[in-house]
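Please look over the structure shown here.

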Amino acid sequence: MGWRNVPDYPPKPPGGTPPKLLDQVRDRVRRLGYAKRTELSYVHWVKRYILFHGKRHPRDMGKQEVEAFLTSLAVERGVAAATQNLALSAILFLYREVLAVPLPWLDDVARAKKPARLPVVLTRSEVQSMLEHTDGTAGMMLHLLYGTGMRLMECVRLRVKDVDFDLHQITVRDGKGGKDRVTMLPRSLAMSLRAHLAQVKSMHDTDLAAGYGAVWLPDALAVKYPNAAKAWGWQYVFPAAGISTDPRSGERRRHHVDEKQLQRQMRKAVLAAGIAKPATPHTLRHSFATHLLEGGYDIRTVQELLGHSDVSTTMIYTHVLNRGGRGVVSPLD
């Protein structure tokens, strides 16, 4: 019996077909303005939760079933605490936002505790060696990640209007937690980034001539400003190589570059540089913060550049600086 055979709940009214439960989840996520990734993730975990319990409807289940599902993920699947919490967030969203079920047990479901681990950080020489093995657009983006401290998706979604060459700064829009912030534009990247944007502008002009050239705009700006989607300032700094179909609207347009390109190039560069650490693009953000603190910048400045709400989050890098006994003389010596 496939997923498509799951009966509708509540029963179909005469002459009408209510939307499927997963479609209701999608609609609610979009109405609240959540990201596409959140939509895909929530739909995935809600579906797995229902299938795990033999396609029983969530209205007929409760705390016991939720905890059984989360326990199965931890014991049988061995997933990380972050994955368990993501699954729980999806289930809570289903009950609170889609089904509007006021169940008191929702607040009693315990979240998995994340183990306290220090981030992986590359040394300055390791970063330099790794970056020497990168090239092309993905290589430029990896340089930018280390030079600005941006998160992977913040770099991927960067718009032309948010790069200020005169002030040598980049405005990061809608970062984690929906916050904006400002970080530096490395002077060593300015010339190559200008040349890159000149190529992107030429490609954008070609798209406009072919009847394309519009990009996705956030917060219904496309309705408020109909011409903004084709404006140069709103274009992605790192656009995709080809035109694709938007899965939500069905429109044909050029999206931003796939972040997997950066992840693949990072893996290749780390191997080519002979680095044994499990480094990812996010490692460059950790390295950015650690090297600034090593350079004598105060922790509040680093906090603002990273966009952390609480300085306690940034404090993790002070522990990294002391890792391995650095700054402490061993009694053997």
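Q: Is K268 buried or exposed?
A: This is a predicted model, in which local features need pLDDT of at least 70, side-chain atom pairs count only at pLDDT 80 or more, and totals for chains, interfaces and linings use all residues. Residues are numbered from 1 along each chain as its sequence is written, and side-chain values use heavy atoms, with hydrogens and water left out. Buried means under 20% relative accessible area, exposed over 50%, and partly exposed in between (1.4 Å probe, protein chains only). K268 has a relative accessibility of 62%, so K268 counts as exposed.

Q: Which helix holds K268?
A: Helices are DSSP runs of H or I with at least four residues, strands are runs of E with at least two, and both are numbered from the N terminus. Residues 259–272 make up the helix that contains K268, which is α10.

Q: Which residues form a positive surface patch?
A: Patch residues have over 30% relative accessible area and no salt bridge, with like charges joined within 9 Å. Lys and Arg count as positive. The positive patch here is formed by K260, R264, R267 and K268.

Q: How many salt bridges are counted?
A: Side chains of opposite charge can pair when their charged atoms come close. A salt bridge is a side-chain nitrogen of Lys or Arg within 4 Å of a carboxyl oxygen of Asp or Glu. By this rule the count of salt bridges is 17.

Q: What separates R26 and D23 along helix α1?
A: R26 and D23 form a salt bridge, with their closest N and O atoms 2.7 Å apart. R26 is partly exposed at 26% relative accessibility, and D23 is partly exposed at 32%. Because the two are three residues apart in helix α1 (residues 21–31), the separation is about one helical turn.

Q: How many residues apart in sequence are the parts tied together by R28 and E97?
A: The side chains of R28 and E97 meet in a salt bridge at 3.0 Å, N to O. R28 lies in helix α1 and E97 in helix α4 (residues 81–98), so the pair ties together parts whose separation in sequence, in residues, is 69.

Q: Are R181 and E154 buried or exposed?
A: R181 forms a salt bridge with E154, and the closest N and O atoms are 2.8 Å apart. The pair links distant parts of the chain, 27 residues apart, with R181 in strand β3 (residues 181–184) and E154 in helix α7 (residues 152–156). Both residues are buried.

Note on methods
Patches are made of residues with over 30% relative accessible area and no salt bridge: like charges are joined within 9 Å, nonpolar side chains (Val, Leu, Ile, Met, Phe, Trp, Tyr) within 5 Å. Accessible areas come from the Shrake-Rupley method with a 1.4 Å probe; for residues, only the protein chains shown count as cover. The place of a charge is taken as NZ of Lys, CZ of Arg, CG of Asp or CD of Glu.
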